[in-house]
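Open the model in your viewer and keep the selection panel at hand. The stops below say what to pick and what you will find there.

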Amino acid sequence: MMEKVLSRSIRLLCVSGVAFGMHAANAQEAQTAPMQRIEVTGSRIRQVDMETAQPIQVVTQEQIQKTGLVTVGDILNNLSSVGSPDFSKGSTLTSNSESGGQYANLRNLGANRLLVLVDGKRWTQSVDGYTDLSTIPSSMIERMEVLKDGASAIYGSDAVAGVVNIILKKSMEGGQISLYEGAYQHGGDNKTKDFSVSYGAGNDKASILFGLTHTEQGVIWARDRDITSYTYGPNHKSGGTGPWGRIRQVSAGGTATGINQYLNHTGGFDGVGTGSPSNQQGNYHAFTGAQDDTFNSTSQMQYQMPTKLDSIFTKGTVELPYGMRFGTTAMFAQRNSNSQNAGYPLNSLTQSAYPVYIDKNNYYNPYQGQDLFFYRRTIELPRTTDNENRTVHIDSTLSGEFAALGKTFTWDVGYNHSSVSGSMVSSGNLNLLNLKKALGPSFRNASGQIQCGTAASPIPLATCVPFDILGGPSASTPEALAYINSIGQHGYGSTINSATANIAGEILDLPAGALGIAGGLEHRQVRGYDTPGQFEQSGYSTDLAANATYGRYNVREAYLEARIPVLKDLPFAKSLTFDVASRYSDYSNFGSTHNSKVSVEWRPINDLLVRANWGQGFRAPALGDTFGGGSQSFDYYLDPCDSQFGEAKSNPAVAARCATAGAGAGFRQLDQNGKPITGAVETQGAYPFQSGAGNRTLQPETSVTDTLGFVYSPSWLPGASASVDFYRVKIDNRITGITATDVANNCYVENNPAFCSSIQRNAAGEITNLAHGNTNQGGLKTDGIDVSLAYRFPMTQYGRFSVKSDTSYTHSFSEQDSAGAEWQNYTGEYFYNKFKSVTTLDWSKGNWGATWIVRYYSPTKDQCWDTEDPAECSNPQGYTQSWGTGYNKLGSVTYHDLNVNYKTSWKGQIMVGINNAFDKKPRITYAVNGVSSSATSVDPNMSLDRFFYVRYNQSF
């Protein structure tokens, strides 16, 4: 077998797995020792050099521990090439099965366009195609390889933005225990604990490795910090539906009309106080939307939900006759998360198909003889959801070698089972069937109790409990709340079973080296379900009616890869190698697809590598994309027909279309209180829309990725390396669940009639129903540059220093809503930083070591609360962004993390650290929704203040 020496910048990594943590003696040994061929992420052909045509970033176990982070999701989300998570740790309003998980969004192209492998094998996915990285215990990781290039020709579907290959520990002699604890300095919250124990034994013939982990991340309540305690920040203490009763009359069409009154009460915005008797007309005042008559819903919400992860892991290998080896891995992980949101903002038409009014003969009705339309937030019943997620992974591989035609070939056959299942239990939504009875006719019986029914026809107390809904929290009884409370149940799961066969070797000696090939077959079955409880499906709950999702498909695939050396040891061509690969995939649900890739490695001189890639990619529709049942949702949106903040204000054509639809001059979009919106930001509506329905005619997304890179390892400066990689990705036939704002804009701004049919307005012009689901529509494209610099300084009397910097520059990130539509560039807007950089300075001397990490995020543009207010909008005129005219500039943000460690004489290691050492605070942004507060940290880990932690490792 041909051998050669690895390039300087990667040798140390391959020998020890530690980028800059080796002693000088080990470094010298690494430069002279012969290297064995290994399989590098992005290629199936084994080779001796990790500096290939593929742009790969490696994160080792030592680097993981120095970050002070304990979950794989947190670690990956801090890389410079990874964008904002699709589901942040603060997405407490997210009610799908992904809630509580962690996901990596490489290049902002979407977490479902990133393929996650564990030891080269596909990991679990939800029915919507997302891989929860928090289910992989970080303590069992040897290293993570992040391929920042498309790789569908090698791995198939989902490898569009790139691939994360998590390499687990293969073996160990003896054991290790690791203990970790951390918390925020000021709040003392976000208490994080991590415990792991691993033990391994064996020899060249057989080995076994066992691991057990427990990880906790504590809750953060939004109310505990002033900056996070209001939905739109301290400068906009506006509230939603109040906790005491607001009443109106019922029109002939069942909507609100006539009087508009609110119950007199003590207290105010915080919901603390006592309401007046609700059945007396004189105890009400005119509702004007005064702050004391609203409620700060954020006061009941989590800023970050708590999670727990327990996992057990085992891995074993055994030598068999005839040079074969059998290996197997098994892991079980259980993640528990809990979220809490404010009590439900209820009104009579919460479910328009099942309206609930206060009956004209209800004892608490102040206007006896006429039904009443009501509004009321039930803050006595905060909405909680417990999500228990279970992951099982089992794989087995039989491998070996054989000789043919004087060449050696490697082969393997394997089976991979990955499944995720879970159950969600919720409380705090309302049973509308019982609520209607509780608000129906009622009277005071002979015992002085309020009883359902009438004196002539009473309903037994055991079967109906009256509810004084207008009286507010002070009038509620435990019995009434239990009667109207709905306990929701939700089950979900997905399974991937695959059988694989691979062969690789060298088939021909060429003048420049051996021609290597690899090929293989794979059969994969994917199935999944997402089933709300029957009561939730019925639409008689405020938990938003949803339909069940069931789906499955099969895939048959074959691939072939060839590595072709063309030139060697010539002037300006120390080496020139081509790598070509192609994969054929046949899906049972939509048909077949064929994707290819060509890579070039050229070394004009020993110190310089020039690499280039061109590759096709695809993403098959996820189960939810195709088979999703869809559900109701209270969407955040901005109606372009709003006469003050919508596009209709400045665009006569849009105003004319809005007028035709019934939203003419002077139309105002209303919030959940029935008040006109007060800012040019997306606001949650009062009517449930229809979202997420599957589409069985979906076709796969397709993509083309181009990269060009240069890697320089100067021989005149040992220990130094630099790389520059240019990338360009274009995705067509995009599978997308378009937003409510997108539907409205496409109808009225883009004048696309296909979208207008999805919108219904009432006589007042309000959007009362809007449907948005999944479709193949438009595209995405992005391009930019990744730069990496590293230098390992010579040993000095003060110790060994090394520095490494990774920077990602996004030149453009654009989205196209439909074929032929204009491209919208999001670069520089919130979420889409032009620059992200991570610089690490390491120091070691004897048993001591320290790491200083600097994370930089460039300035971004944010939505303006009011484009006419200079304090809220720094650039109001002449600047059009994705949301409209005007933006507010948010400056750059830099975080500093510090870690100090000491190795003891008894095989122990003590690490202490501070993340966000200079106490960088979050900022207010109006470009986000689905979270409890607009106070959002640029840091994907949502830093609120200094985070202190300590870790102790003990080997035995």
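## Stop one: a strand residue

Select Gln-334: its relative accessibility is 23%, so it counts as partly exposed. The bands are these: buried is under 20% relative accessible area, exposed is over 50%, and partly exposed is in between, with a 1.4 Å probe and protein chains only. Gln-334 sits in strand E15, residues 324–341. Helices (H or I, at least four residues) and strands (E, at least two) are DSSP runs, numbered from the N terminus.

Contact here means heavy atoms within 4.5 Å.

A note on what you are viewing. This is a predicted model, in which local features need pLDDT of at least 70 and side-chain atom pairs count only at pLDDT 80 or more, while totals for chains, interfaces and linings use all residues. Residues are numbered from 1 along each chain as its sequence is written, and side-chain values use heavy atoms, with hydrogens and water left out.

## Stop two: the whole protein

Zoom out and switch to cartoon. The protein has 12 helices and 50 strands. Along its principal axes, the C-alpha trace spans about 100 × 65 × 55 Å. How does the radius of gyration agree with that of a compact globule? For 956 residues a compact globule would have a radius near 30 Å, and the protein has 30 Å, so the two agree. That radius is taken over C-alpha atoms, and the globule rule is 2.2 Å times the number of residues to the power 0.38.

Color by burial. Buried residues make up 57% of the 956.

Switch to a surface. The accessible area comes to about 37,500 Å², and 55% of it belongs to carbon and sulfur atoms. These areas come from the Shrake-Rupley method with a 1.4 Å probe; for residues, only the protein chains shown count as cover.

Color by charge. There are 75 positive and 83 negative side chains, and the centres of the two sets lie 4 Å apart. Lys and Arg count as positive, Asp and Glu as negative; His and the chain ends are not counted. Each charge is placed at NZ of Lys, CZ of Arg, CG of Asp or CD of Glu.

## Stop three: the disulfides

Select the bonded cysteines. The structure holds four disulfides. Each is a pair of cysteine sulfur atoms within 2.5 Å. In sequence order, the pairing is 1-2, 3-4, 5-6, 7-8.

Go to Cys-452 and Cys-464. Their disulfide has an S to S distance of 2.1 Å. The torsion about the S-S bond is about -65°, so this link is left-handed. Cys-452 lies in strand E21 (450–452) and Cys-464 in the loop between E21 and helix H7 (478–484), so the bond ties together parts 12 residues apart in sequence. Both Cys-452 and Cys-464 are buried.

Next, pick Cys-641 and Cys-658. Their sulfur atoms are 2.0 Å apart in a disulfide. The link is left-handed, with -85° about the S-S bond. Cys-641 is in the loop between strand E29 (636–637) and helix H10 (652–661), and Cys-658 is in H10, so the pair ties together parts 17 residues apart in sequence. Cys-641 is buried at 2% relative accessibility, and Cys-658 is buried at 0%.

Move on to Cys-747 and Cys-756, joined with S to S 2.0 Å. Left-handed or right-handed? The torsion is about 105°, so the disulfide is right-handed. Cys-747 is buried at 2%, whereas Cys-756 is partly exposed at 28%.

## Stop four: helix H11

Select residues 740–748. This is H11, mostly covered, with seven of its nine residues buried. Cys-747 is one of the buried residues, which also include Ala-740, Val-743 and Tyr-748. Now show what the buried residues of H11 pack against: E29, H10, strand E31 (689–693), helix H12 (753–756), strand E35 (759–761) and strand E36 (767–772).

## Stop five: Asp-783

Finish at Asp-783, in strand E38 (779–792). Asp-783 counts as partly exposed at 22% relative accessibility. Arg-728 is 55 residues away along the chain, yet the two C-alpha atoms are separated by 4.2 Å. Beyond four places in sequence, Asp-783 touches Tyr-727, Arg-728, Tyr-809, Thr-810, His-811 and Ser-812.
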